[in-house]
Amino acid sequence: MKLIYDSRNKIWCSEIPSKYGNKSWNVVVKIHQAHAAMMGQLSIEFKNTKKYKQHVVDLLNRMSCYILNNYTVPREWNHDRPLENVPEYEDEVMESTLGEYLLTVNGIGWDVDDHSVIESVLEKVDTSESSASVLHNTNNVSTEPAESISKDISSDNSEYSLHELEKAVKQTIVANNESAKKKKKQSRTSSVTFETPKTDLYIQPPKIPQFDYTRPWLQQQDGADLLTIYTSLPEIPTKQCDISVTTDVTKMTDSEKMRLYPNQLIHTRAPIMYEECPGIELHPKFGLIIPIDGFTREQILDNIIRYPHFYRLNRLIDNQAQSFYSLIEIDSELVSILDVWDNLPEAKIIPKKNEFVKEYIVRRYLLERDILHIEHKYPMFGTLDEFLTLFMPADDYIAEGYTNVVDIATKCINSRVSYKRSRNPIIRRLKLHNAELHI
Amino acid sequence: MQNCIFSSHCTQTVCDKSCPMLAETTYLLERNNISMRNDCFHTTTEIIDRYDRIIDNAAGKVQTVISTNTIQTADIVTYVGICKYWRGSQLHSTVYNLKYSTYLDVIQKSWGVSTDDSAEMMKIWASTAKLLIISGIDYVNFKEYQCQILLSLLQSRSNDNELGTIVVAPSISSIVGTGPFFSRLTEILSKAVVKK
């Protein structure tokens, strides 16, 4: 297998975080950030030995392998301790996953100071008998001051006094230490926080649900069936997807609510909504602002921020669930969207594509409900309240004018609980909208 | 819906205890003897994530998970596997926890009773499961026969690149056994240990 970076085409250590390849941009960003944190720490502890270099290469490859497979950094990994909790993989797995982007010791230009040499020189400076070994060690340090001094000393045959030699070496060491401190400071300022994965914002059930079987939240006999809902865990949710019908917002503190905010902007609309479309304004953060007749741009933008995410919306018609996206209520009549689309004033601008039609139908419904206070004859099945999903950091909400971030987080929890309770088949079967514990 | 693990998050339109989600997860939980009272339903996120990663890397090979409480660990690994592979399982044992000591007992009983097909069924599930968890080896005295059975099982599964096998064991040195096959077995298990 031919590698991109080998002994003939080396990648410098300092460049590793910024070069990886043509994988999807989201994955590449995550790899860059993880590598930046790891290289920052590694450059501080760097030792110019084959064993240590192999260790560096293994860590970088393992992290890349994990991110490529899982689209996120390991949950246990922390940017403050970037060399710990890096998952392990066998060599064959790494080779097959990374392919030509597999890093090797020979493929990297090791333009990093040897920290072990600096330390050993520091120990020997005070010892006059070992000045020769100090000179020898100084030659190995790959920084300009050390090299220039060692070159001067080695090329000049004149004899140096011991005092002058010690002074020269001390100056070198001071310069190297300052350089190491600068790199350490740079690595701290350039390290990024751990990104919130998109899966944390999902409304659908978690992949591996956890619950406390000793505490049934709801248990009631209905005919021959004993219907039970156990208290979901964690009881105090740390992610939005942990919120269930059993979550009690009154038990949460403000700091616990604030933890639900993601630490970066996450795109929650369909991907096509973040691409340019002729005639429709593309907001750099929130995507396309589709025009809806009767509402201003600011009202629609506000609607996008309050309702960034739609998931399986239905209507109940004659006790049958029907998709919300295929019918539209106009003048209290429910009609197929395909029949009326061409007659809508927005049809000249909005493309007749699945994602655009869905957004138009739902946003028009919500705007009519929230701003015009229309009571629809064919309402949505279940509740859909504002701030169901928090999709950007709290600071970004404040920057957009939504300053009461604690209140918004509370609304998120209440919205999700209401969303799930209004749709939960057990609760609905027992016809309990404000469910209470029965044992 | 007492045995539905998704009940607190469910937003299906109707609950009549016959949805595929309930059918497939309940089947797998019952097949692996995991009741609602099992501790695997309330364990830490770190443990779940660790076994999630191990299972992701399990395809086509044998991995050994060292644990002081092999029964609990085997149940947690099985539960995580069920949550990952229940969808589309069509009531097949895609995830199976083979309790090896029990398996040997059942095989020996089957030599006497001709009408009992338990041994045959266990053999089929162990051979075909997408994810096989082998536990209970700390309760076995590995002589030639016991080693041969396990080695044969591991070897037959390794021929398929999609089948994963996880052996939950105490420390390899504490497994009891004798004979040439035993040293080969411990060598395979030692090499397959998943580092923490």
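Trainee: Leu372(A): how does its relative accessibility class it?
Mentor: Leu372(A) counts as partly exposed, because its relative accessibility is 48% and the exposed class starts over 50%. Keep in mind that this is a predicted model.

Trainee: Where does Leu372(A) lie in chain A?
Mentor: In a loop. That loop runs between helix H11 (354–370) and helix H12 (394–399) of chain A.

Trainee: And what does Leu372(A) form with Ile371(A) and Ile374(A)?
Mentor: A nonpolar patch on the surface. Together the three residues have about 230 Å² of accessible area.

Trainee: Switching to helix H13 of chain A. How many residues, and what reach?
Mentor: H13(A) covers residues 405–423, which is 19 residues. Its first and last C-alpha atoms are 27 Å apart, close to the 27 Å expected.

Trainee: Why call H13(A) largely enclosed by the rest of the structure?
Mentor: Because 14 of its 19 residues are buried.

Trainee: Which side chain meets Lys411(A) in a salt bridge?
Mentor: Asp407(A), at 3.6 Å from N to O.

Trainee: Are Lys411(A) and Asp407(A) buried or partly exposed?
Mentor: Partly exposed. Lys411(A) is at 29% relative accessibility, and Asp407(A) is at 33%.

Trainee: What about Arg306(A), which residue is its salt-bridge partner?
Mentor: Asp302(A), with the closest N and O atoms 2.9 Å apart. Both lie in helix H9 (residues 297–306) of chain A, four residues apart. Arg306(A) is partly exposed at 21%, and Asp302(A) is partly exposed at 25%.

Trainee: Now chain B. What does Glu187(B) pair with?
Mentor: Lys191(B), in a salt bridge with the closest N and O atoms 3.3 Å apart. They are four residues apart in helix H7 (residues 180–191) of chain B. Glu187(B) is partly exposed at 35%, whereas Lys191(B) is exposed at 66%.

Trainee: How many helices and strands in chain B?
Mentor: Seven helices and six strands. Of its 196 residues, 52% count as buried.

Trainee: And what is the mean pLDDT of chain B?
Mentor: It is 90, and 97% of the residues reach 70 or more. The model scores ipTM 0.89 and pTM 0.67.

Methods. Residues are numbered from 1 along each chain as its sequence is written. Chains are lettered from A and ligands numbered from 1 in the order in which they are written. This is a predicted model: local features need pLDDT of at least 70, side-chain atom pairs count only at pLDDT 80 or more; totals for chains, interfaces and linings use all residues. Side-chain values use heavy atoms; hydrogens and water are left out. pLDDT is the predictor's confidence in each residue, from 0 to 100. Helices (H or I, at least four residues) and strands (E, at least two) are DSSP runs, numbered from the N terminus. Buried means under 20% relative accessible area, exposed over 50%, partly exposed in between (1.4 Å probe, protein chains only). Patches are made of residues with over 30% relative accessible area and no salt bridge: like charges are joined within 9 Å, nonpolar side chains (Val, Leu, Ile, Met, Phe, Trp, Tyr) within 5 Å. Accessible areas come from the Shrake-Rupley method with a 1.4 Å probe; for residues, only the protein chains shown count as cover. A salt bridge is a side-chain nitrogen of Lys or Arg within 4 Å of a carboxyl oxygen of Asp or Glu. The expected span of a helix is 1.5 Å times one less than its number of residues.
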